[in-house]
Structure formats: C-alpha cells, structure tokens
Amino acid sequence: MQMLKIDIRQKRQATLPQELLDKLDLDIGDSLAGYVDLGKIVLVPQKRVALDAFSELQKIIKAHINGQLELVISQAVLTEIVTNSKNKIPAAMPAFEKFFRAAPPEVVLDSKIIDPKIASAVDQKDQKTLASAVGANCQYFITGNIKNFDLAALEEIFELKITTPAETVKLLKL
C-alpha cells in the first residue's frame with residue numbers, strides 16, 4: 001500500500017491527491033466522515049448519491065411513522081441497509097436505530113420459492129427479495145437500482161410498482 005502525503009495548510013485545509021479520490025470514487029459534493037482510532041485518522045467516504053437517497057428515505061420513513069404508509073422490508077435488505085449505512089453513512093445509524101424502536105416496519109423473510117414470472121423479469125440477485133414483496137402484497141418495491149427490473153411486466157403481472165426512493169416520494173407526495 002502506497003502512503004500518500006497530505007499537507008495541512010495555514011487555514012487547516014488539506015487537498016486530497018487525485019489518485020486517492022479516484023481509488024475511492026469520490027467527486028465534488030461527496031463528503032468524508034472522520035474519527036480517530038488508536039492515533040490514526042480514519043476517513044469514511046460518504047457519497048453524495050447515498051446522502052441524497054438517505055434524505056428521500058427519511059421522508060418515506062417519516063410517512064410510515066405518521067401512518068401514511070406501511071413499510072415492509074425483507075430480512076436480507078434490512079441486513080444490507082444496516083451494513084451499508086455503517087460503512088457509507090455512519091452518521092445515519094442513530095436515526096435508523098430510533099426509527100426501528102419507534103415504528104418498526106414489518107420484516108419478512110426472503111422467499112425460497114421464485115415464481116417463473118419473477119425469474120424472467122428480474123436479475124437473479126434481486127429475485128428472492130422481489131418475491132418476498134409480492135408475497136407480502138406490497139404496492140411499491142423501493143430500490144436504488146431499477147435497471148435490473150422489467151418495470152412494465154412486473155407492474156402488469158403483480159400490480160407492483162418498482163420505484164426509486166425519489167420516485168416514491170414524488171408519487172406519494174411525501
């Protein structure tokens with residue numbers, strides 16, 4: 001591992017080397033959360049996209065808490081959210097913990113049986129989670145990545161809208 005030198009200037013500002021930004025896929029508008037661990041500075045990237053999605057998810061969670069909608073989440077997605085939040089936006093963890101204590105969503109297990117109609121309309125890695133949503137009679141399946149879904153087919157067959165957090169907020173006027 002190559003050590004990169006970062007100089008601290010007079011106003012306590014530092015410029016990160018482009019090589020480091022490229023390796024971390026950081027861009028203008030992204031942030032770094034930091035802490036000290038055993039005398040070392042640890043910086044954790046916080047992608048602007050992740051922060052924007054978190055902002056939209058907060059609106060959806062607030063609507064759930066206020067009884068405007070009912071959230072259902074698969075156990076696998078819940079585990080993924082907690083892991084990703086800890087790694088990408090650790091500042092969000094207290095809000096998630098508060099939410100799960102105050103108004104926990106219904107948690108369902110990932111389906112073991114995949115309807116052939118789902119298998120033909122969804123990437124394999126998303127099939128169990130989507131099958132769980134269908135089994136729980138959800139109206140919306142909220143995901144950060146809709147490109148892996150045949151949106152029209154799923155809406156027609158299962159009356160299930162596949163939406164991003166931003167689309168959900170707009171559709172439900174949250």
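Visitor: Which residues of the largest nonpolar core touch the most other members?

Guide: Of its 13 residues, those with the most contacts to other members are Val122, Leu130, Phe141, Phe149, Leu154, Leu160 and Ile162. Helices α5 (116–121), α6 (124–135) and α7 (151–158) each contribute at least two residues to this core, and α6 has the largest share, with 3 residues. A separate core has 12 residues, including Ile60, Leu69, Leu71 and Phe96. This is a predicted model, in which local features need pLDDT of at least 70 and side-chain atom pairs count only at pLDDT 80 or more, while totals for chains, interfaces and linings use all residues. Residues are numbered from 1 along each chain as its sequence is written, and side-chain values use heavy atoms, with hydrogens and water left out.

Visitor: What makes a set of residues a nonpolar core?

Guide: The members must be buried Ala, Val, Leu, Ile, Met, Phe, Trp, Tyr or Cys residues joined through side-chain atoms within 4.5 Å. Buried means under 20% relative accessible area, exposed means over 50%, and partly exposed lies in between, with a 1.4 Å probe and protein chains only. In soluble globular proteins, nonpolar side chains tend to be buried together.

Visitor: Which residues is Phe141 in contact with, leaving aside neighbours within four places in sequence?

Guide: Contact means heavy atoms within 4.5 Å. With those neighbours set aside, Phe141 is in contact with Thr129, Leu130, Ala133, Phe149, Leu160, Lys161, Ile162 and Thr163.

Visitor: How many aromatic pairs does the count come to?

Guide: Rings of Phe, Tyr and Trp (its six-membered ring) pair if their centres lie within 6.5 Å; planes under 30 degrees apart are stacked, over 60 edge-to-face, and the rest tilted. The count by this rule is 2 aromatic pairs. In one of them, Phe99 and Phe100 lie 4.8 Å centre to centre with 55 degrees between the planes, a tilted pair. Phe99 is buried at 5% relative accessible area, whereas Phe100, at 26%, is partly exposed.

Visitor: Why is the pair of Phe141 and Phe149 tilted?

Guide: Their ring centres are 5.4 Å apart and their planes stand at 55 degrees, so the pair is tilted. Both Phe141 and Phe149 are buried.

Visitor: Why is Asn148 called buried?

Guide: Its relative accessible area is 9%, and therefore Asn148 falls under the 20% limit. Asn148 is placed in the loop between β5 (140–142) and α7. Beyond residues up to four places away in sequence, Asn148 touches Ala121, Val122, Asp123, Lys125 and Asp126.

Visitor: Is Val44 buried or exposed?

Guide: Val44 has a relative accessible area of 13% and is therefore buried. Val44 belongs to strand β2. In sequence Val44 and Leu32 are 12 residues apart, and their C-alpha atoms are 5.4 Å apart in space. Not counting residues up to four places away, Val44 touches Ser31, Leu32, Ala33, Tyr35, Asn87 and Pro90.

Visitor: Why does Ile65 count as partly exposed?

Guide: Its relative accessibility is 44%, so Ile65 lies between the 20% and 50% limits. Ile65 is part of helix α2 (residues 48–65). Residues up to four places away aside, Ile65 touches Phe99 and Ala103.

Visitor: What is the value of phi of Leu38?

Guide: Phi of Leu38 is near 50 degrees, a positive value in a residue other than glycine. Leu38 sits in the loop between β1 (31–37) and β2, and with a relative accessible area of 82% Leu38 is exposed. Asn137 also has a positive phi, near 60 degrees. Asn137 lies in the loop between α6 and β5 and is exposed, at 65%.

Visitor: How many residues line the second largest pocket, and which are closest to its centre?

Guide: The second largest pocket holds about 760 Å³ of space. It is lined by 17 residues, and Met3, Leu4, Ile6, Leu20 and Ile41 are the closest to its centre. On a 1 Å grid over the protein atoms alone, a cavity is a set of points where a 1.4 Å probe fits but cannot get out, whereas a pocket is an open set with protein on both sides within 12 Å along at least five of seven lines; lining residues have an atom within 4 Å of a point. Points are joined across faces, edges and corners, and the volume is the space filled by probe spheres set on them.

Visitor: Which element gives the most to the lining of the second largest pocket?

Guide: Strand β2 does, with 4 residues.
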